[in-house]
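I opened the model to look up contacts, cores, sheets and loop backbone angles. The entries follow in the order in which I checked them.

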Amino acid sequence: MRAFGYRQSNSDHTLFLKKQHGKITTLIVYVDDMVVTGNDPEERKALQNYLSKEFEMKDLGHLKYFLGIEVSRSSEGIFMFQRKYALDLLHETGMSGCQPVNTPIEEGLKLCVKSNQVSIDKGRYKRFVGRLMYLAHTKPDLAYALSVVSQYMHNPEEQHMNAVMRILRYLKNAPGKRILFAKNVDHQSIEVYTDADWAGAMDDKQSTSGYFTFVGGNLVTWKSKKQNVVARLSAEAEFRAACDIVYNAVQHDRTKHVEVDRFSIKEKLDDKIVELPKIRSEDQLVDILTKAISSQVFSKFLDKLGMCDIYTPT
């Protein structure tokens, strides 16, 4: 690929890009499967001819299925989902006939390690969580629940397995929830929602950070992750998620150890490279990445993220 003028991505070594004449062509490869896309049809054809000389290849046409991820198209844009994978997982775990629920984690649930608890099958727990984590490629609605249950892989208890089963019951409710990538030619900005709870983890009082990244109005990346250190106050926990503490000119002793980050972000603000507007609580999408919320709030945020069931009329 490099010999043909493509640049290998530093963030993903299976991704190759070529920019020329204001257009871009990309190729991503996994073992012997690859996807080629871009807005330069002549370059795509040239790449296909080049690779066909080196390898035995077959053009399968428009992308429909890749590594368990399904793709469909409509006048709205391109949809990605993992309905077949989810249904197969429900069948393999014996949960095809389970009672469905509206959220992947019970509202207000706080898991922890309890003493004198009977341990469960660790291998079974790891398999279930591992299979569920692959669904996170197209299902940001699972991110927080998965970040919680994955913290107990070393010694899972019955309460932790119950939380895993809750995720499977949520899948039964809507296995075909999809993400839409719409064509927004007039909207090319990058927007990030980020937040953190404060000392939400029962075992070590660490906080959970989360973020959503939108490019051109389309959700492209997300994460829910417990922070690596204990935040001593809620403002510090939120700052570690890059929130609006940068506007505070007062230097407090309790935030001195993060001042380097603060000044770095403030430089970007002063140069108008980024903006940090205040987000109202009712509009903070990241709540579903940092805490277990009610089904009503959860459903509202999924609508704002543009997620809906594949068989729901749009």
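Entry 1, V149. I listed the contacts of V149, taking a contact as heavy atoms within 4.5 Å. Leaving out residues up to four places away in sequence, V149 touches L111, Y125, V129, H160, A163, V164 and I167. I note that this is a predicted model: local features need pLDDT of at least 70, side-chain atom pairs count only at pLDDT 80 or more, and totals for chains, interfaces and linings use all residues. Residues are numbered from 1 along each chain as its sequence is written, and side-chain values use heavy atoms, with hydrogens and water left out.

I placed V149 in helix α4, residues 143-149. Helices (H or I, at least four residues) and strands (E, at least two) are DSSP runs, numbered from the N terminus. Is V149 buried or exposed? Its relative accessibility is 2%, so V149 counts as buried. The cut-offs are under 20% relative accessible area for buried and over 50% for exposed, with partly exposed in between (1.4 Å probe, protein chains only). I also took the C-alpha separation of V149 and Q159, which are 10 residues apart along the chain, and found 9.8 Å.

I used the definition of a core as a set of buried Ala, Val, Leu, Ile, Met, Phe, Trp, Tyr and Cys residues joined through side-chain atoms within 4.5 Å. The largest one has 46 residues, and the members touching the most other members are L132, V149, L168, L171, F212, I288 and L305. Which elements give two or more residues to this core? They are α2 (83-92), α3 (122-134), α4, α5 (158-173), β10 (208-215), β11 (218-226), α8 (287-290) and α9 (295-305). The largest share, 8 residues, comes from α5. Apart from this core lies another of 5 residues, among them Y6, F16, L27 and L51.

I then looked at L168. Not counting residues up to four places away in sequence, L168 touches L89, L90, T93, M95, C98, F128 and L132.

On the residue level, A86, L89 and L90 in α2 meet L168, L171 and K172 in α5.

I counted two strands as paired if DSSP finds at least two bridges between them. β10 and β11 are joined by 8 bridges, and T213 has T221 in β11 as its bridge partner.

A further open sheet has 5 strands in the order β5-β6-β7-β8-β12, also paired antiparallel. Which strands stand at its edges? They are β5 (65-66) and β12 (308-309). Strand β8 (residues 177-182) is joined to β12 by 2 bridges, with R178 partnered by C308.

β1 (residues 7-8) pairs with β2 (residues 15-20) in the antiparallel sense over 2 bridges. A hairpin joins these strands through 6 residues, and Q8 stands opposite F16 in β2. β2 and β3 also run antiparallel, with 6 bridges, and K18 stands opposite T25 in β3.

H21 takes a positive phi near 55° in the hairpin of β2 and β3, which has 2 residues between the strands. V31 is not a glycine but has a positive phi of about 55°; V31 lies in the loop between β3 (23-30) and β4 (33-38) and counts as exposed at 72% relative accessibility. L67 has a positive phi near 55°. L67 sits in the loop between β5 and β6 (69-74) and counts as partly exposed at 31% relative accessibility.

The protein chain has 9 helices and 12 strands. Of its 314 residues, 39% count as buried.
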